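I set out to record what could be looked up in this structure. The entries below are kept in the order in which I made them.

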Amino acid sequence: MKELILNGVRIRPGQNLNLELPIAKLPTHTLIDLPIFIRSAKKPGPVVLISGGIHGDEINGIATAKKILEEVDENLDLRKGTLIIIPLVNIYGFLSNSRTFPDGRDLNRSFPGSKKGSLASQIAYILSNEIIPLIDYGVDFHTGGRMLTNYPQIRVDYSDQEALDLAKSFGSRFVVNSKYIEKSFRKSAYKSNKRILVYEGGESMRLDEFAIDEGVQGTKRLLASLEMIDNLSDPPDTIFLNGSDWIRAKASGIFNSNIQLGEAVKKGQVLAKISDPYGQVKIPVKAPSNGFVIGINNMPVINVGDALIHVGKE
């Protein structure tokens, strides 16, 4: 078993540790620490990262990672290996209900980071140099944007067979082909020959119990496939989507959809209507192809060009 040392602390087999990694200071000079929870079995095995809140307003992802930590501490028997759980990565964004850092930078586009760069770049540097070298695999929890809800899904690059196998083990209903994005956490880990799955479920600034539970159950299935815990649940039938497209508004107005997340749709099917405030104009929103609804805009008032419905294609 490789020796794990984090922030100068040696992690021994069977040890449970709660660490606080100093990252920066607020303008008030209040020190900001990054809480990291390490749960290690006595038997050697894989090291798996569970992370949430890379975008500070994606509270659902934070709640999912937190619930996994609670289950590990309360009743989940870790047979081998180590879990590194970081429920809240972007503390700055969390404090300000913001996706980004105070300077507007996106942490998930700042990797591998720099020791002397922007605040987001410095946090990315810490994750790249303190966390990624320790892990074998990871699950990074995300949500849709403001007023944009995602049906629970795993995003993975289909050309990466090892990551695709992990996605199959996770067992979400939808797996979406998503190429590695430059400067993302997932791509930075990949360059270090580590695999991190991106889980999307729910909407930012809102808790979604269904998405949280799906994230927890999928993580358990993944850990069971790595023989880190006992197998506790059977996966649903997974649908593999080769690509996806957002249907965009052809006009401004009031958006009223009549489809549900996860629903199968046919090409040409009317999924919603856009009307003016007076009921004089009604414009249908039609599916451009066969597929499944994996994301939807919850804003009732939309502008031309806005993303309305995300359709994944088999």
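**Entry 1: domains.** I noted at the outset that this is a predicted model. I looked up the domain assignment, which gives domain 1 as 4-239 and domain 2 as 244-313. Taken over C-alpha atoms, the centres of domain 1 and domain 2 are 31 Å apart.

**Entry 2: the domain interface.** I then asked how many residues of each domain are in contact. I found 12 residues of domain 1 in contact with 14 residues of domain 2. About 1000 Å² is buried between domain 1 and domain 2, and carbon and sulfur atoms give 65% of this area. On the domain 1 side, I recorded Met147, Leu148 and Thr149 as the residues that lose the most area to domain 2; together they make up 45% of what that side buries.

**Entry 3: helix 1 and helix 6.** I turned to helix 1 (residues 59-74) and helix 6 (residues 209-225), whose axes come within 9 Å and cross at roughly 50°. By class, I listed 5 nonpolar, 4 polar and 4 charged residues in the contact of helix 1 with helix 6.

**Entry 4: helix 4 and helix 6.** Which residues does helix 4 bring to its contact with helix 6? I first noted that helix 4 (residues 161-170) packs with helix 6 at an angle of about 120°, their axes being 7 Å apart. Helix 4 and helix 6 are therefore also oblique to each other. Helix 4 brings Leu166, Ser169 and Phe170, and helix 6 brings Glu214, Gly215, Gly218, Thr219, Arg221, Leu222 and Ser225. I counted this contact by class as 3 nonpolar, 5 polar and 2 charged residues.

**Entry 5: backbone details.** I recalled that most residues other than glycine have a negative phi, and that most peptide bonds are trans. Histidine 29 has a positive phi, near 75°. I placed histidine 29 in the loop between strand 3 (16-25) and strand 4 (31-40). Phenylalanine 111 and proline 112 are joined by a cis peptide bond, with omega about 5°. Proline 112 is in the loop between helix 2 (91-95) and helix 3 (119-131).

How values were computed. Residues numbered from 1 in each chain as written. Predicted model: local features only at pLDDT ≥ 70, side-chain atom pairs only at ≥ 80, totals over all residues. Heavy atoms only, no water. Axes fitted to C-alpha atoms, helices over the stretch in contact; angles between N-to-C directions. Helix = DSSP H or I, 4+ residues; strand = E, 2+ residues; numbered from the N terminus. Nonpolar A, V, L, I, M, F, W, Y, C, P; charged D, E, K, R; others polar. Domains from an automatic or database assignment. Contact = heavy atoms within 4.5 Å. Buried area = accessible area lost by both parts, 1.4 Å probe. Parallel < 35°, antiparallel > 145°, perpendicular 65-115°, else oblique.
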